[in-house]
Amino acid sequence: MLKLENIRKTYDMGESQVNALRGIDLTVAEGEMVAIMGSSGSGKSTLLNIIGCLDRPTAGDYYLDGENVSGLDKNRLAAVRNKRIGFVFQGFNLLGRMTVQANIQLPMIYAGTNKNEMDARAKEALNWVGLSKYLGHYPNQMSGGQQQRVAIARALVNNPSLILADEPTGALDSRTSIEIVSIIQQLNIEKGITVVMVTHEKDISQYCRRLVNLRDGRITEDAPVLNQRNAAADLAAFPKETEAGA
Ligand SMILES: Nc1ncnc2c1ncn2[C@@H]1O[C@H](COP(=O)(O)OP(=O)(O)OP(=O)(O)O)[C@@H](O)[C@H]1O
Ligand SMILES: [Mg+2]
């Protein structure tokens, strides 16, 4: 589904240059769930942004579903993104002045979906993340975990084949983190959506099936996760101290 060949990314800072990615070769098959780890500055977000067509590589080829997207211009990249990729970020990236429903519908507005269809799909997606009663809420009336679930619903509405998550649990407490990972795991297992997730938490990476480690813009390790953890099972066993984060 994804194939990166000798991908390089150099940021030009005028006086100096930063080689954020120094030759990445990576293939991800449909239905995989991959964790990307590495210390701060190792190039994880840069890599995810290129995979997500938010940014273009300086050199190398990137094939998404067989199409070489590394040379596409901004508009074409935006179209690819909108149709095939859902994003989840550490900071949720919801628009505060819009209701949950309006936030979830944004990707469909860009796609030109009609109103009835938008309403139906927003409901379905919100239902899927367990928040069907929150259509009319505003993000600031919700907990971090709930906001992240709304962001996941937003990522789902255009039926993407790929979900990219950059530190999706970075702003959440332990229990809520497992809740969010559990939803992401369900997307992978039940809907067959390919997942690539950046995390710096070893615990969280163990919910994926494969672990890629980056260091200084290069892959230093790429191996299956032995005994992939099941988030739903861990959640059931997790002591629930308070309802506040749920
Ligand atoms: N827009 C940019 N302009 C210039 N340099 C950048 C830019 N984005 C990232 N970099 C640099 O590229 C390198 C890789 O950054 P990147 O954000 O991919 O790291 P990361 O692994 O995601 O780190 P973190 O764990 O802190 O999020 C770093 O040296 C960073 O300073
Ligand atoms: Mg990052």
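Which element gives the most to the shell around ligand 1? In this predicted model, where local features need pLDDT of at least 70, side-chain atom pairs count only at pLDDT 80 or more and totals for chains, interfaces and linings use all residues, side-chain values use heavy atoms, with hydrogens and water left out. Residues are numbered from 1 along each chain as its sequence is written, while chains are lettered from A and ligands numbered from 1 in the order in which they are written.

The element that gives the most to the shell around ligand 1 is α1, with three residues. At least two residues of this shell are supplied by each of β1 (2-13), β2 (16-28) and α1 (44-51), where helices (H or I, at least four residues) and strands (E, at least two) are DSSP runs numbered from the N terminus. The residues that surround ligand 1 are Y11, M13, V18, A20, S39, S40, G41, S42, G43, K44, S45 and T46, a residue being near a molecule or strand if one of its heavy atoms lies within 4 Å of it. Sorted by class, the shell consists of four nonpolar, seven polar and one charged residues; here Ala, Val, Leu, Ile, Met, Phe, Trp, Tyr, Cys and Pro count as nonpolar, Asp, Glu, Lys and Arg as charged, and the others, Gly among them, as polar.

Oxygen atoms of ligand 1 are approached by both side-chain and backbone atoms of the protein. A polar side-chain atom of S40 is placed 2.5 Å from an oxygen atom of the ligand, and for K44 the distance from a polar side-chain atom to a ligand oxygen is 2.7 Å. From G41, it is a backbone N or O atom that lies 2.8 Å from an oxygen atom of ligand 1. Ligand 1 taken alone exposes 630 Å², of which the protein buries 60%, these accessible areas coming from the Shrake-Rupley method with a 1.4 Å probe, and only the protein chains shown counting as cover for residues.

Strand β1 also contains K9, which counts as buried because its relative accessibility is 9%; buried means under 20% relative accessible area, exposed over 50%, and partly exposed in between, with a 1.4 Å probe and protein chains only. When neighbours within four places in sequence are left aside, K9 is in contact (heavy atoms within 4.5 Å) with V18, N19, A20, L21, T46, I50, D55, R56, P57 and T58. Of these contacts of K9, V18, A20 and T46 are also among the residues surrounding ligand 1.

A further group of residues concerns helices α3 and α4. Helix α3 (residues 100-111) holds L106 as well as Q105, whereas A122 is placed in helix α4 (residues 115-128). Q105 counts as buried, since its relative accessibility is 9%, and its side chain makes a polar contact of 2.9 Å with the side chain of D119; a polar contact is a pair of N or O atoms within 3.5 Å, in which, within protein, one must be able to donate a hydrogen and the other to accept it, and residues adjacent in sequence count only if both atoms are side-chain atoms. Beyond its neighbours within four places in sequence, Q105 is in contact with M118, D119 and A122. The C-alpha atoms of L106 and A122, which are 16 residues apart along the chain, are separated by 9.9 Å.

A search of the whole structure finds one aromatic pair. This pair, formed by F87 and F89, is stacked, with 5.9 Å from centre to centre and 5° between the planes; rings of Phe, Tyr and Trp (its six-membered ring) pair if their centres lie within 6.5 Å, and planes under 30 degrees apart count as stacked, over 60 as edge-to-face and the rest as tilted. F87 is buried, with a relative accessible area of 15%, whereas F89 counts as partly exposed at 24% relative accessibility.
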